[in-house]
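Work through these exercises with the model open beside you. Try each task before you read its solution.

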Amino acid sequence: MIVVGVDGSRAGVEAAAWAAREAALRHAPLRIVHAIPDWACRTAGKGPYAEVAEWMRSGAEQVLAGAAERAEAEAPHVETATAILPGDPRSALIAEAAGAALLVVGNHGLGGFRGLLVGSVAHGVAGHAPCDVVVVRTAPGEPGGEVVAGVDGSPAGGRSLEFAFAEAALRHAPLRAVHAWNPFEGPLPGGPRDEEGEARLLREALEGPRARHPDVAVTEEVVRGHPVDALLRASEGADLLVVGSRGHGAFAGLVLGAVTQPLLHHATCPLAVVRPAAPDTPEAEDR
């Protein structure tokens with residue numbers, strides 16, 4: 001199942017459209033949800049608070065109906081359901097995503113933080129959701145473009161590469177694997193950093209997923225520079241940019257990695273933030 005959170009904003013509607021197309025590609029059901037305060041879900045009867053609660057529930061139903069209409073226009077054969085969630089949007093979406101294959105949100109929220117490059121809900125769920133998250137910035141295009149994946153050579157990057165290959169295969173699209181390096185970051189396990197060593201690191205990272213997805217055409221791109229700059233350039237016009245949720249090295253303890261954080265704000269295409277594999281899963285063992 002794919003879950004998409006909507007809030008009545010244009011970004012939320014575009015997220016519903018993207019999620020519908022993704023559900024069609026995966027042959028998966030789609031669940032469109034909208035969160036309102038818990039008290040508004042529970043309050044009924046007469047009185048001023050009951051009237052406000054009814055107004056909020058009515059508004060939520062309108063938001064869901066608009067998103068469902070857009071989703072059906074994008075993918076009319078996808079099984080679609082809607083639901084009003086009680087509570088804070090971030091915690092409600094995180095709870096709703098338990099058991100989901102993917103959580104999709106728009107990059108902007110409503111309210112006083114509209115001027116932020118990425119909404120607080122998108123930022124919150126990208127770092128804490130129990131499943132992979134896609135943050136949608138633009139309207140979905142026709143499948144057949146390029147999927148771009150960031151490769152850092154870390155053990156946690158294995159699952160994000162698997163995700164990227166799988167998405168490319170679903171779209172019958174080529175994959176561009178981008179590895180950016182800095183000669184001042186420290187030596188590789190096999191010796192000092194140089195172009196040859198970094199190219200070898202990229203090839204080795206691609207070996208497993210490439211063998212499992214032999215029909216995906218792969219372009220290997222090794223760039224000397226900052227990974228954020230390299231990925232932003234490579235993903236211009238792409239269908240999807242895929243990164244891991246955590247960094248490595250000095251930033252490994254961050255909920256979102258030092259590369260993923262700025263990409264949430266500046267990526268111009270939908271951004272997939274992939275969770276690391278659990279230690280006892282086959283994906284983790286492959287690493």
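**Exercise 1.** In which helix does Glu22 lie? Then decide whether Glu22 is buried or exposed, and list what Glu22 touches.

*Solution.* First, some ground rules. This is a predicted model, where local features need pLDDT of at least 70, side-chain atom pairs count only at pLDDT 80 or more, and totals for chains, interfaces and linings use all residues. Residues are numbered from 1 along each chain as its sequence is written, and side-chain values use heavy atoms, leaving out hydrogens and water.

Step 1. Glu22 lies in helix 1, residues 10-26. Helices (H or I, at least four residues) and strands (E, at least two) are DSSP runs, numbered from the N terminus.

Step 2. Glu22 has a relative accessible area of 1%. Buried means under 20% relative accessible area, exposed over 50%, and partly exposed in between (1.4 Å probe, protein chains only). Glu22 is therefore buried.

Step 3. Look for contacts, meaning heavy atoms within 4.5 Å. Not counting residues up to four places away in sequence, Glu22 touches Ile2, Leu102, Glu167, Leu170 and Arg171.

**Exercise 2.** What is the strand order of the open sheet, and which strands are its edges?

*Solution.* Step 1. Two strands pair if DSSP finds at least two bridges between them.

Step 1. The open sheet has 10 strands in the order 3-2-1-4-5-10-9-6-7-8, and its pairing is mixed. Strand 3 and strand 8 (218-224) are the edge strands, since each pairs on one side only. From one strand to the next, the twist averages 25°.

Step 2. Now walk through part of the order. Strand 1 pairs with strand 4 in the parallel sense, over 3 bridges. Here Ile2 stands opposite Leu102. Strand 4 and strand 5 (residues 132-136) are also parallel, over 5 bridges. Val105 has Val135 as its bridge partner.

Step 3. Strand 5 and strand 10 pair in the antiparallel sense over 3 bridges. Val135 stands opposite Leu271. Strand 9 and strand 10 run parallel, joined by 4 bridges, and Val242 has Ala272 as its partner. Strand 6 (residues 147-150) and strand 9 (residues 240-244) run parallel too, with 3 bridges. There, Ala149 stands opposite Val242.

**Exercise 3.** Why is strand 4 described as largely enclosed? Which way do its residues point?

*Solution.* Step 1. Count the buried residues: 5 of the 5, so strand 4 is largely enclosed by the rest of the structure.

Step 1. Sort them by direction. Leu102, Val104 and Gly106 point one way, Leu103 and Val105 the other way.

Step 2. Helix 1 lies across strand 1, strand 2, strand 4, strand 5 and strand 9, and runs at about 155° to strand 4. For such angles, axes are lines fitted to C-alpha atoms, for helices over the stretch in contact, and angles run from 0 to 180 degrees between N-to-C directions.

**Exercise 4.** Which residues of helix 4 are buried, and what covers them?

*Solution.* Step 1. In helix 4 (residues 89-96), the buried residues are Ala92, Leu93 and Glu96. They sit on the same side of the helix, because they cover an arc of only 95° around the axis. The arc is that of the directions from the helix axis to the C-beta atoms.

Step 1. Their cover includes strand 1 (2-5), strand 2 (30-36), strand 3 (80-86), strand 4 (102-106) and helix 5 (120-128).
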